[in-house]
Amino acid sequence: IIMQHWMICVLLLFLAFCDVSTQRKKKTVQTLSRGWGDDITWVQTYEEGLSKAVESKKPLMIIHHLEDCPHSKALKKAFAEHQTIQRLAKSDFIMLNLEHETTDTNLAPDGFYVPRILFVDPSLTVRADIAGKYANRMYTYEQSDVDFLAENMMKAKILLKDEHEDHDDL
C-alpha cells in the first residue's frame with residue numbers, strides 16, 4: 001500500500017510538472033502579430049511584404065518598433081484596440097511589424113527611430129508623402145494619434161486607387 005501511495009505521488013508530481021512546462025511554453029510562443037492584432041495576417045519579412053504587395057496590389061504598411069520601448073508599447077496597445085485600424089489592416093493592407101531595422105534606407109527617410117510607420121505602394125514606392133503629425137519625427141505616431149493614423153491608412157488606400165485609375169496599364 002505504501003508503494004502504491006508513493007507511485008501515485010510520483011505520478012501526480014510528474015503530471016503537475018508536465019502541466020507547468022506546457023503552460024510555460026504557451027506563454028513564450030510569439031506570433032507574428034507581436035500584440036499589434038492577432039486577427040491580422042502578418043508577413044514575416046520586408047521582402048515577403050514587398051512581394052505580397054505587388055502580387056495583391058495592396059499597400060504594405062510597415063511598423064518599426066521595439067519590444068521594450070514605452071512609446072512602442074503605448075502605440076501597440078492603442079493600435080490593437082482601434083477597430084477601424086484593425087479592420088483596414090486586416091482587409092486593405094499587407095502588414096509587417098519589425099523589431100529589427102531593415103537595410104533599406106528608404107524606410108528611414110528622416111532617421112532610424114521607433115515607433116515609425118511607413119507605407120509602400122505596390123509599385124514599391126515608399127510613400128514619404130504620408131506622414132504623421134510631427135516635424136521632427138515625421139513617421140512616428142503616438143498613442144493619442146491613432147485616429148490620425150487611421151486617416152493616413154485611408155489616404156494610402158485612396159491614393160493607390162486614384163493612381164491606378166490614372167494609369168490603366170498598372
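Start by selecting Arg 34, which you'll find in the loop between H1 and H2. This is a predicted model, and here Arg 34 has a positive phi of about 50° even though it isn't a glycine.

Buried or exposed? Both Trp 36 and Phe 79 are buried.

Next, select Phe 93 and Phe 119. Their rings make a tilted aromatic pair: 5.8 Å centre to centre, 50° between the planes. Phe 93 is in the loop between helix H4 (83-92) and strand S2 (94-98), and Phe 119 is in strand S3 (residues 116-120), so the pair ties together parts 26 residues apart in sequence. Phe 93 is buried, and Phe 119 is too. The count of aromatic pairs comes to 2.

Now go to Arg 116 and show Tyr 113 with it. Arg 116 lies over the face of Tyr 113, at 5.7 Å from the ring centre. While you're there, click on Val 114 and Pro 115: a cis peptide bond joins them, with omega about -10°. Pro 115 is in the loop between S2 and S3.

Last stop: Leu 124, in the loop between S3 and helix H5 (146-166). Its phi is near 70°, a positive value in a residue other than glycine. Leu 124 is partly exposed, with a relative accessible area of 44%.

Notes. Residues are numbered from 1 along each chain as its sequence is written. This is a predicted model: local features need pLDDT of at least 70, side-chain atom pairs count only at pLDDT 80 or more; totals for chains, interfaces and linings use all residues. Side-chain values use heavy atoms; hydrogens and water are left out. Rings of Phe, Tyr and Trp (its six-membered ring) pair if their centres lie within 6.5 Å; planes under 30 degrees apart count as stacked, over 60 as edge-to-face and the rest as tilted. Buried means under 20% relative accessible area, exposed over 50%, partly exposed in between (1.4 Å probe, protein chains only). Helices (H or I, at least four residues) and strands (E, at least two) are DSSP runs, numbered from the N terminus. A charge sits over a ring if NZ of Lys or CZ of Arg is within 6 Å of the ring centre and within 35 degrees of the ring normal.
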